[in-house]
Amino acid sequence: MRQQAVRKVTNSFIGSAGSNGRGYGKHGASTTKSSMLFWQTPVGDADTDIHQNVPKLRERARDLHMGSDIVAAAHKGLRTNIVGTGLRLNPAFDASYLGLTKEQAEKLRSSIQREWALWAETTKCDAAGLNDFYELQGLAFISTLMSGDVFALMPSKPRPWSVYDLKIHLIEADRCATPPDKVNLDKERIQSGVEVDADGMVVAYHFSNRHPGAGGYNLSGANEWVRVGKYGKRTGRVNVLHLFEAERPGQRRGIPVIAPIIESLKQLSQYTNAELAAAVITSMYTVFITTPADDEGESPFDGIGMDDEDLDGVENAPGASGDEIKLGQGAIMRTDPGEDVKFADPTRPNPNYEAFVRALLKQMAAALELPYEILTKQFTSSYSASRGALLEAWKMYRMRRAWLSKTFCQPIYEEWFVEAVSKGRIDAPGIFDDPAIFAAYTRAEWHGPSQGLLDPTKEVAAAVTRIEYNMSTAERETAELNGGSWEQNVQQRAYEKARLAQLGLTEGAAAPVTPSEPSNVGDEDNDDEEGGEQN
């Protein structure tokens, strides 16, 4: 009967497929092959596929982050290598277009770096007053990985002892949602808290004043909804930064980076816990020995591995009937005469566990765009293989570092620059007269920690060669090699050389003293060896 039912279903698919047996219809799009027969995938747009499922994806991704060691390692490893101690500002304004002399350009660069440090290197840039700008970068990035997206508001809040009013307010993804009174109204325009206009352009976000999982502890009072325009009505400046990586056209919300492998990660976690529990139980293997009956009144629990305190605990345990025996490490129990003894064959630790887990982790690492060695922090291959793994990982690191600088660092820097000029702390004539002039003043580069050096001699030599052949710049290579600043380095080196000259010292270690050649003058023995006595 079952085969007939399957055949009937197959025939119905064949009848409705028409020309399905042609082209891709014979392969990936087939609905008649047994391997494809029950693989039916409904079509949905980006909003339909994502918005209905992203809340559950967030919950599970965060749970795995808190309870799965490999997920925590992946998230934190990406944060450490991409953001690290923070992407550092390098002002790259177009001095030629702005008509600045070398002296004016140097003065502007020093002014920007001094004022930026005054704001970015203190917690006064954070609306919550907890993190500096570089720590906010790491928080925003790891929150995006974990939840799929994160929002940053840029309110102007004057505070005592704060030179700048600009503050960064990070908002977790859950707080952006469609208000209950608008769920059935404007359904096409507002989805998952993101509002678009008739052209599909994002115009506003809807935020709740409390997190949906806040429970009864809520400092902000009742749940209220606020509509925040993406751009200011009067200035056109950005109000809300939405950090997420889009994978489909029309996508409005992001998904956690581990979304494609959540199922595999959960099963791996369960498997690991099961193996661990089995190993613990095996370590408590107990041997029961049959002996003659003990004298009346003598406790049967006098075997090795249990003392009187253990016995008291067993006898007095709540709900204990007096006959329970608790297994312990290395315990040996005596049984009554005539009872049979059976020995279990321990199968833990599982000899196939490591190989199986390694195979799974390699697949998961590929889904995260990470080499297996990077994900597990195990470099056991050759130098070439390890270097290849690092280079492959750094392709993804640089891509996401560029994304973070473009969507988070640069927009915030531009808003800060506007306030610095408005307050007269930075001199930038004409910045508000032309968008091209504004872009020329606010152009910047963002450099993060370097990838590290497996062979410093070779890699420094390669950097020098790139500079000599104009394939790179000293500033870029310095930032890539050790995260430093070439400008600051040369200024410090100039001081060091001048200081050494004042003290009468030279660079490096003193040259070794070369012993003088032995003199033959007056040496009769040498004279004899060379040619005898001289007349």
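I began with the second largest pocket, whose lining divides into seven nonpolar, seven polar and three charged residues (Ala, Val, Leu, Ile, Met, Phe, Trp, Tyr, Cys and Pro count as nonpolar, Asp, Glu, Lys and Arg as charged, and the others, Gly among them, as polar).

The model is predicted: local features need pLDDT of at least 70, side-chain atom pairs count only at pLDDT 80 or more, and totals for chains, interfaces and linings use all residues. Residues are numbered from 1 along each chain as its sequence is written, and side-chain values use heavy atoms, without hydrogens and water.

I noted 17 lining residues for this pocket, with Asp69, Thr272, Tyr353, Val357 and Leu361 nearest its centre. A pocket here is an open set of points on a 1 Å grid over the protein atoms alone, where a 1.4 Å probe fits, with protein on both sides within 12 Å along at least five of seven lines; lining residues have an atom within 4 Å of a point.

I then looked up helix 7 (residues 133-147) and helix 12 (residues 383-422), which pack at about 125° with axes 11 Å apart. Helices are DSSP runs of H or I, at least four residues, numbered from the N terminus. Axes are lines fitted to C-alpha atoms over the stretch in contact, and angles run from 0 to 180 degrees between N-to-C directions. The two helices are therefore oblique to each other (angles under 35 degrees count as roughly parallel, over 145 as roughly antiparallel, 65 to 115 as roughly perpendicular and the rest as oblique).

I listed the residues in contact (heavy atoms within 4.5 Å): among them are Phe133 and Phe141 of helix 7 and Trp403 and Phe408 of helix 12. By class, this contact has ten nonpolar, two polar and one charged.
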